[in-house]
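Dear colleague,

I am passing on the structure that you will find below, followed by an account of what came out of going through it. Please read the account with the coordinates open beside you.

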Amino acid sequence: MSVVPSPRPFSESSPLTRRIAAVVVVFYAVFTILPLAWIGATAFKSQADAIAYPPKVFFTPTLEGFVDLFTVQTHQSRDFIAKLPPPQTWYEKIARDRDMVIAGPSRVVERFLNSLIIGFGSTILATFLGTLAAYGFSRFRVPLADDLLFFILSTRMMPPIAVAVPIGMILLYTAVNVSLAVWLLKGFIDEIPREYEEAALVDGYTRLQAFRKVVLPQAVTGIAATAIFCLIFSWNEYAFNLLLTSSDAQTMPPFIPFIIGEGGQNWPAVAAATTLFLLPIVIFTIALRKHLLRGITFGAVRK
Amino acid sequence: MSGTNVTPTLVDGMAMRTAAPVARRLRGLSDRSIAWLFILPTMLLLLAINIFPLIWAIRLSFTGFMANLPAPAAFIGIDNYVDILTDEDLWANFQITAHFVFWTIALQVLIGLGLALLINQKFRGHSFWTTVILLPMMLSPAVVGNFWTLLFQPQIGPFNYLIGFFTGIAPSSFTMIGSVALAPWTVVLVNTWMWTPYVMLICLAGLRSIPDYIYEAAEVDRASPLRQFWSITLPMVLPFLMLAVLFQAIQSFVMFDMVNLLTSGGPGSTTELVSITLKRAAFEKWETGYASALAVILFVTIFGAANVYVRALNWVKQQ
C-alpha cells in the first residue's frame, strides 16, 4: 500500500534502538531479580555469613539454614556432645559442628503440609465449581447474567478483614478463588466453538454428555491454567490465615516471620523457608507465561 | 447470543422427529435446569462466605459490640460512623493510604509503560527477560514484605550497602524501615518493585494490539516518531493502561499483607494504611462494631470509585 518504499518493515525498529532497549530491560531485570537472588543465597549461608558486614556476596555454601528450619535443636556443652554417640546423619553432623543437638523435627513440615492441603483442596473445589458456573454463563441465557457476573467479581473488592468470620479455611479460600475461576474459565469456554456441542447434540448426546465429552476435553488447557492460578493465590494468601485460624491450620506465609533462632532472627533459616516456599511459584510462573496476562486481569485482557 | 437461540431449537427439532423415549434421552435435563444446577453452587458459596458476613458486618456497625466481651451487642445507631468521619487520626491514615496509592501507581505506570515500550522493540531474548521481570508479582506479598526486612537491615542488608556504594552515604546512617521520613517511601518502593510487572504486562498487550497498518499510514503521512507516539501509541494503549490502574488502585487500597510484615504500620503510624487501622481496631482493640463500620465505609468507597472509573474507562474505549 505504501507508495514510498520503506527502508525496513514497520513493526521493526532500528538495530540501535533495539540494542538500547535490550540494555535497559536487562538492567532492570537484573535489579528486579537481585532481592530474590539475595534471599536464595542467604538460604545457603552460615549464620555468621548472613549477618556479616559488609554483606557477603561470596561465601562457602552450607545447609545449616535448612537444618535449622526443619529441626528443633538444643545448645549443649562440648563435653556433653563428646560423650554422645557419633552423629548418624549428615544433618546431625551439621548441628553438632555448632555445638547443637537435634531434639526433633520442627513444626515447619506441618505448616508446609497445611499450605499444600489448603492450597490443593481449595483449588480443586474452586476449579470444579468455576468450570460448571463458567459453562452455565457461557452457554445458556441466564437471567441477569451480567449482574451475577459482576457480583462474582465484586466479592474481590472487599477488604479481606471485612469478611472475618471463622469458617473452614478450604471453603474460605475456595470462595476467594471461585470468582477468579468463573471469570477465567468463562473466557476459555467462550472460545470453544458452539458448533462442536451442537454436532454432539445432533448425534444423540445429552447436554451433560456433550459437556463432559466435548467441552471439557477442549477446555482442559484453560482449566489447568485456572487451577494453577487458584493454587498460586491460595498458596500466597496471608490475611485470612493470619486472622482466622488457630495454629492447627496455619500455612507458611504467617509462619515464616516467626522463625527465630537463639538470640535474634535466624536469617539463613528464614531465607531457606522463603526459598522453598517461593520456588514452586517461580516454576509455575514460567510454565504459565502464556496465560499470565489473562489470569492477572480476570480474563479482561486476552492475548 | 445467537448460539443460545440456535441450540434449543435444534434439540427441539431433533426431539420432534424422534420417538418419545429417545427424545427424553436426547434432552436429558432441560437446558434451564442445567444452567441453574451449574451456577447455583457457586452463587450459594459466594453468598454464604462473602455476602452473609457483609450483612452481618453492616448490622454490627450500628452496635458497640466488642468481640472479646461477653456483653450482647447494644444498638448505638450511627455513632460509629460519626466517630470515623470525625476522627482526625483516621483521616491521617486515609492520607497515608492516598500517598501510598498515588505514588505506587504513578511509578508503576511510568516504569511499566516505559518497560513495555522497550520490550516491544522485540530485541533478541526479550521473552526470557520479560519472564524474569514478571516474577515478583506472582510471589506471596506477605513473604515479600518479610524478606525485604532482611534486605533493608541497615548493617547487614544489601540495600543500604548498595546505596552507600553508589552515593557514598554511610550504610548504617539511615534505616529504610525505622525512619519516619523514609518509611512511607519504603513501602512505595517495595510495592512498585512487586507490581510494576503487572502494569508492564498489560501495557505490552495493548502495544501488541495496535495493527501495523496504522503506523504504515502515519509513516506515509510523514508523522514524526514523537507524533506517532502521542497520536497513535498512547491513545491505543490508554484503555489497557486504565485497566491496569484500576486493578492496581483496588489492590493498593486494600493492601495489607506486604505492609503489615514490612513495617506493620510503623514507625509510629507513618505507614499505617487504612487496612492496617482496620486490623488494629478489629483484632487488637477488639472494637468490632467500630471496625465493621470502617470496613463498610471502605467497601462502599472502593465499590463506588470502581464503578465511576469503569464508566470513564468505557468512555475512553469508545473514543
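Before the first helix pair, a word on the angles: the axes are lines fitted to C-alpha atoms, for helices over the stretch in contact, and the angles run from 0 to 180 degrees between N-to-C directions. Please also keep in mind throughout that this is a predicted model.

With that convention, helix α9 (residues 194–202) of chain A and helix α10 (residues 207–218) of chain A have axes that come within 10 Å and cross at roughly 155°. Since angles over 145 degrees count as roughly antiparallel, α9(A) and α10(A) are therefore roughly antiparallel to each other, and their crossing is right-handed. On the α9(A) side the contact involves A:Tyr196, A:Glu197, A:Ala200 and A:Leu201, which meet A:Ala210, A:Lys213, A:Val214, A:Val215 and A:Gln218 in α10(A). By class, the residues of this contact between α9(A) and α10(A) divide into 6 nonpolar, 1 polar and 2 charged.

A second pair in chain A is set at another kind of angle: α1(A) and helix α14 (residues 267–288) of chain A pack at about 120°, with their axes 7 Å apart. The two helices, α1(A) and α14(A), are therefore oblique to each other, and α1(A) passes α14(A) in a left-handed crossing. The residues that make this contact are A:Ile39, A:Gly40 and A:Thr42 from α1(A), together with A:Trp267, A:Pro268, A:Ala271, A:Thr274 and A:Thr275 from α14(A). They divide into 4 nonpolar, 4 polar and no charged residues.

One of these residues, A:Gly40, deserves a separate look. A:Gly40 lies in helix α1 (residues 15–42) of chain A, and A:Gly40 counts as partly exposed because it has 17 C-beta neighbours inside 10 Å. Its C-alpha atom is separated by 20 Å from that of A:Tyr91, a residue 51 positions away along the chain.

As for chain A as a whole, its secondary structure comes to 15 helices and 4 strands, and 45% of its 303 residues count as buried. Among the contacts in chain A with a separation of 6 or more, 74% are accounted for by residues 24 or more positions apart.

Turning to chain B, the axes of helix α13 (residues 274–283) of chain B and helix α14 (residues 288–318) of chain B come within 8 Å and cross at roughly 155°. It follows that α13(B) and α14(B) are roughly antiparallel to each other, and the crossing of α13(B) and α14(B) is left-handed. From α13(B), the residues B:Val274, B:Leu278, B:Ala281 and B:Ala282 meet B:Thr288, B:Tyr290, B:Ala291, B:Leu294, B:Ala295 and B:Leu298 in α14(B). This contact of α13(B) with α14(B) has 9 nonpolar, 1 polar and no charged residues.

Leaving aside residues up to four places away in sequence, B:Leu294 touches B:Ile84, B:Leu278 and B:Ala281.

B:Trp286, in the loop between α13 and α14 of chain B, has a phi near 60°, a positive value in a residue other than glycine, and B:Trp286 counts as partly exposed, with 14 C-beta neighbours inside 10 Å. B:Lys122 lies in the loop between α5 (88–119) and α6 (126–138) of chain B; B:Lys122 has a positive phi of about 55° although it is not a glycine, and B:Lys122 is partly exposed, with 14 other C-beta atoms within 10 Å. B:Phe256, by contrast, is found in the loop between α11 (225–253) and α12 (257–262) of chain B and is buried, with 23 other C-beta atoms within 10 Å. The C-alpha atoms of B:Phe256 and B:Thr42, 214 residues apart along the chain, are separated by 27 Å.

Finally, the interface: 85 residues of chain B are in contact with 93 residues of chain A. Helix α3 (residues 31–60) of chain B gives the most to the side of chain B that touches chain A, with 16 residues, and the residues of that side divide into 64 nonpolar, 13 polar and 8 charged.

With best regards

Key: Residues numbered from 1 in each chain as written. Chains lettered and ligands numbered in written order. Predicted model: local features only at pLDDT ≥ 70, side-chain atom pairs only at ≥ 80, totals over all residues. Contact = placed C-beta atoms within 7 Å. Parallel < 35°, antiparallel > 145°, perpendicular 65-115°, else oblique. Left-handed = near helix turned anticlockwise from the far one by under 90°. Nonpolar A, V, L, I, M, F, W, Y, C, P; charged D, E, K, R; others polar. Buried ≥ 20, exposed ≤ 12 C-beta atoms within 10 Å, placed from the backbone.
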